[in-house]
Every structure is written in C-alpha cells, then in structure tokens.
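Please consult the sequence and the structure shown below while reading.

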Amino acid sequence: MPPSPDTSSNTPPIGFGRALLFWLKLGFISFGGPAGQIAIMHAELVERRRWISERRFLHALNYCMLLPGPEAQQLATYLGWLMHRTWGGIAAGLLFVLPSQVLLIGLSWVYMAFGQQPLVSAVFHGIKPAVTAIVLQAGWRLAGRALHSRPLMGIAAAAFIAMAVLHLPFVLVLTLAALAGHWGGRRWPGAFQGRGARAVAASGDASAPAAWIDDHSPPPAHARFSRGRMVRVVAVCVALWAAGMAAAIAIGGLQGTLARMGWFFTKAAFMTFGGAYAVLPYVYQAAVEHYHWLSGPQMIDGLALGETTPGPLIMVVAFVGFVGGWNQLALGPDLPFLGGAVAAVAVSFFTFLPSFLFILAGGPLVESTRGRLGLAAPMAAITAAVVGVIAQLALFFAGHVLWPEGQGFDAGAAVLMVLAAFALIRLKWGVMPVLAASAAAGLALRMLA
C-alpha cells in the first residue's frame, strides 16, 4: 500500500483501499460533464469527507484547467497522486474512465449490429436534434464564462470564421488564438484576465474542520519536485507509447488502421483545450473526411451515446475507435467485434496516456510553485476561440440533422432541435431528460409517419 502523505492536521490517514472504493464509485456516477464531475468531487472530497482542503482542491483544479485533455479526469488523477503517490494517481485516473469505456464498447456493438433496425433508427432520429442542441448549450455556457471583453469576443468570431469559412486546421486556430492572447495580454491585461477557479479560492470557509491534506500541510515527500523523477516519468510514458505503437504496427502494419489511430489520437490528446466539444471538429476532420473511419451521421450518434454514459465526454473517441475498427476490419473480416473493441481500447490508451504524463510529471512542479502559474492571457484567448469552434461544430451538426443526405429539409428534426435547446437553455433541464424525451419523440414520429 502506498504510504500516506505527511500532514499537519490531526485527521486520520486515508487508506489506499478506501480511496480505491471512492474512485470506483466516482467512475459510475460521474455524469453531468466536467462541471458536474468536478462538483461531485468537490462535494465528496472537500465538503463531506474532508480528504483535501478547499484551497488545495482549487489549486489542483487550476492546473488541470490549463492542460489539454479532460480536466475532470486529470483532477481525479492529481488528487489520487497527491494522496497516494503514483499508483494512487494511476488508479484514480483509470477508474474514472473504465466504466464508461466498458459501457461504450457494449453500446457501440449494439449500434453497429442493430442500428439499422427500425426502432433503433427511430430513437437515433430523435436524439440527433437533441445532440445539436446540447452542443449549442455548451457553446452558450462557455461564452457566458469566457467572452467577458470585446477582444475575446473578436477572437471567438475570428475562430468561427476560420473554421466554418476558411476551413483552417483546428491546431492552427488554437495556435493563433494563443499568440493573440499573449500579445493582447500585454497590451490590454484587464481584457484577458481569466475568470477561472482562482476567483473562488477566497471563498473557502475558514471555519471548516481540518482536512487530511489541509491548506498549510507541507507537500508530501513524493510531491516535492525532482528533475530526475520528472525525467523517469517522461521516459516511462514514452516507453509505454512506443510499446503501444509497436503493438499496433505488429497487428496491422505501419499504414494499418490501429497504427494510424494511435498516431492521430496521440496528436489529438495534446489539442483538447476547452473540453471534448472543442476537439470534436479536429476528430471529425480526420476520422470522417481524411481516414473515413466513420460517417458524419455516425459521429453525431456517437456523441449521443457518449452523453448517456458516465465519465468524460472525450470518451466518445472510444466509439470512433470501435466503429473505425469494425468498418476497417482491423483484425480481419471474421472478427468485426474484436477488431472494434481492440481499436476502442487502443484509441483510449493513446488519448489518455498524455493526461497521466501531465499529472505525474508536472504535479511536483505545480506543488512547488503554488499560485504562480502565468498562462492566464493565452488560455483566456484559447477558451474564447473554443467558443467559436463549438459554434462551427453546432453548424456542422445542424446541417447533417436538418438536411439529411439524399433528402430535403427535415421539419420534424428542426422542431425537436428548437424544443431541446429551449429545454436545456431556458428551462435548465438536464442532458439525460432531454435525450430521453427526444428519443421518445423520435419513436412517436416514426409511428405517425
């Protein structure tokens, strides 16, 4: 069992086994997107269990918000690492995504094996407009938090034009936004001041009982920065990546489906600033247009399935991997399910490995430099650009939903989209009730047709 960190409080140590049970439970209840997942961790770890203090929790969250990748999964990895060393971080990060991985492989099989059945097709016909509304809501909410100055609004508009009109690569759009933020932050610092978790730090309750890892607890021995340790962590992660790529090449060759997926999703893992909705256009460009692993409508269906499972929404890449492995016969024509399952696991491996690298290698540095992260302006600009990217994604989804391939304008889908957006944005319904109501509406429309 990993040793517990040194603390200055009188709170009893938290055993590794007890923490494992919590991380496993979290993997099954982590619905609601990153905001909901972070809220669950805050309520459980800070308010109810008192395993970590408010300020230490927010400090970890600030770092994870600066990273590419799923911030909620990275936060779980960070907290698990802080409490129980490297194996604690690995366990927390893996258990956060394992339930959704298993569920998505099962749902993807049902989709590919039975998706053309009339009832299943009707359900997805109703869900697709709701998915477009969910993307619109994500952009709306992010815009409310991120676009608090005219320069940031201008960056969002420019990003939308760059993606929707000029068709610039996603990576280039984010790079240009970061450069604009770096320059704008020096010229108009107030306009690029982020509104992240740092503003909440002062709201901690000073009268709260001491936590196991409290505000003034010294960093545990394993959380003290060491160049040698950082080099070892990087070397291990690079070796794991190389082993995964070697296995993919051994199975299908250098130009095989698994090797191409491994290389692409490694790149995608470093581009997921702003959450899964921001990177979906990048995944679409490669998976649909370049490699033809799946179709545009299948991409929308995959997002719908991702919304119905716990864990980070970026787990939709497991659906992309499964469908791609199935369609491309990754393990041959006689093993479509196994080819899809292996591809889904491979895609998840290459997507999440960098997240573990960021936490296990960068965590000690963050603990030694608390409160001195200076990337606020570029990150504010990137977040603003993500608003424009999400708007372009919603436009893309709406085009496929309202004008299906080979058909005219779908008035029923338009009505469902408007109703779903109204329920999400104005009535504040949750994602699951909206998806359920939309699925029922799809069935009703099919019966009336």
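Is R48 buried or exposed? R48 is exposed, because its relative accessible area is 55% and the cut-off for this class is over 50%. The model discussed here is predicted, and every value quoted is computed from it.

**Salt bridges**

Side chains of opposite charge can pair when their charged atoms come close. In this model the count of salt bridges comes to four.

| Pair | N to O distance |
|---|---|
| E44 and K25 | 4.0 Å |
| E44 and R48 | 3.0 Å |
| K128 and D301 | 3.7 Å |

E44 takes part in a salt bridge with K25 and in another with R48. The side chains of E44 and K25 meet at 4.0 Å. Because E44 belongs to helix α2 (residues 33-48) and K25 to helix α1 (residues 16-29), this pair ties together parts that are 19 residues apart in sequence. A network of salt bridges links K25, E44, R48 and R49.

E44 is buried, with a relative accessible area of 13%, whereas K25 is partly exposed at 37%. R48, as stated above, is exposed at 55%.

The side chains of K128 and D301 also meet in a salt bridge, at 3.7 Å. K128 lies in helix α5 (residues 118-146) and D301 in helix α11 (residues 296-307), so the pair ties together parts that are 173 residues apart in sequence. D301 is buried, with a relative accessible area of 4%, while K128 is partly exposed at 21%.

**Positive surface patch**

Which residues form a positive surface patch? The patch consists of R141, R145, R426 and K428. Of these, R426 is located in the loop between α15 (411-425) and α16 (431-448). R426 is exposed, with a relative accessible area of 65%.

**Cysteines**

How many disulfides are counted in the model? The count comes to zero; a disulfide would require a pair of cysteine sulfur atoms within 2.5 Å. Among the cysteines, C64 is buried with a relative accessible area of 1%, and C237 is buried with a relative accessible area of 9%.

Notes: Residues are numbered from 1 along each chain as its sequence is written. This is a predicted model: local features need pLDDT of at least 70, side-chain atom pairs count only at pLDDT 80 or more; totals for chains, interfaces and linings use all residues. Side-chain values use heavy atoms; hydrogens and water are left out. Patches are made of residues with over 30% relative accessible area and no salt bridge: like charges are joined within 9 Å, nonpolar side chains (Val, Leu, Ile, Met, Phe, Trp, Tyr) within 5 Å. Accessible areas come from the Shrake-Rupley method with a 1.4 Å probe; for residues, only the protein chains shown count as cover. Lys and Arg count as positive and Asp and Glu as negative; His and the chain ends are not counted. The place of a charge is taken as NZ of Lys, CZ of Arg, CG of Asp or CD of Glu. Helices (H or I, at least four residues) and strands (E, at least two) are DSSP runs, numbered from the N terminus. Buried means under 20% relative accessible area, exposed over 50%, partly exposed in between (1.4 Å probe, protein chains only).
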